[in-house]
Amino acid sequence: MENIVIYSKGYCPYCKAAKAILTSKGLHYTEIDVTNDSKALAEMLKRSHNQRTVPQIFFGGQHIGGHSDLVAFYKAKKSA
């Protein structure tokens, strides 16, 4: 099973939606809340090549992107 990491903010509706997608697929993930954590935010920016929006989602070492990227990822996977 891949290690899934999602960087989020507590008030973000797209973060909540992305977590719901992962949960609905039975996937376990590690959530890192960057709301008030400058160190975690710096880590997210480095890993995502300065993508400032949340969520930022990673499957293993692969950067998936945000919520809409996650939706597109599963749509592409379904049609393949």
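Here is a short chat about the helices, the sheet and a salt bridge in this predicted model.

Colleague: Before we dig in, which pLDDT do local features need here?
Modeller: It's a predicted model, with all residues used for totals for chains, interfaces and linings, side-chain atom pairs counted only at pLDDT 80 or more, and local features needing pLDDT of at least 70. Residues are numbered from 1 along each chain as its sequence is written, and side-chain values use heavy atoms, with hydrogens and water left out.

Colleague: Which residues of α3 are buried?
Modeller: Call a residue buried under 20% relative accessible area, exposed over 50%, and partly exposed in between (1.4 Å probe, protein chains only). On the other side of α3, Ser-68, Lys-75 and Ser-79 are exposed. The buried ones are His-67, Leu-70 and Tyr-74.

Colleague: Within what arc do those buried residues fall, seen down the axis of α3?
Modeller: The arc is taken from the directions running from the helix axis to the C-beta atoms. An α-helix has 3.6 residues a turn, so residues three or four places apart point the same way. The buried residues of α3 line one face of the helix, because their arc is within 60 degrees.

Colleague: What is the strand order in the open sheet?
Modeller: Two strands pair if DSSP finds at least two bridges between them. The pairing is mixed across four strands, and the edge strands, each pairing on one side only, are β2 (30–33) and β4. The order reads β2-β1-β3-β4.

Colleague: In which sense do β1 and β2 pair?
Modeller: Ser-8 stands opposite Asp-33 in β2. Strand β1 (residues 4–8) and β2 share four bridges, and the sense is parallel.

Colleague: Which residue forms a salt bridge with Glu-31?
Modeller: The rule wants a side-chain nitrogen of Lys or Arg within 4 Å of a carboxyl oxygen of Asp or Glu, and the count comes to one. The closest N and O atoms are 2.8 Å apart. Glu-31 sits in β2 and its partner in α1, so the pair ties together parts twelve residues apart in sequence. That partner is Lys-19.

Colleague: Is Lys-19 buried or exposed?
Modeller: Glu-31 counts as partly exposed, at 36% relative accessibility. With 16% relative accessibility, Lys-19 counts as buried.

Note on methods
Helices (H or I, at least four residues) and strands (E, at least two) are DSSP runs, numbered from the N terminus.
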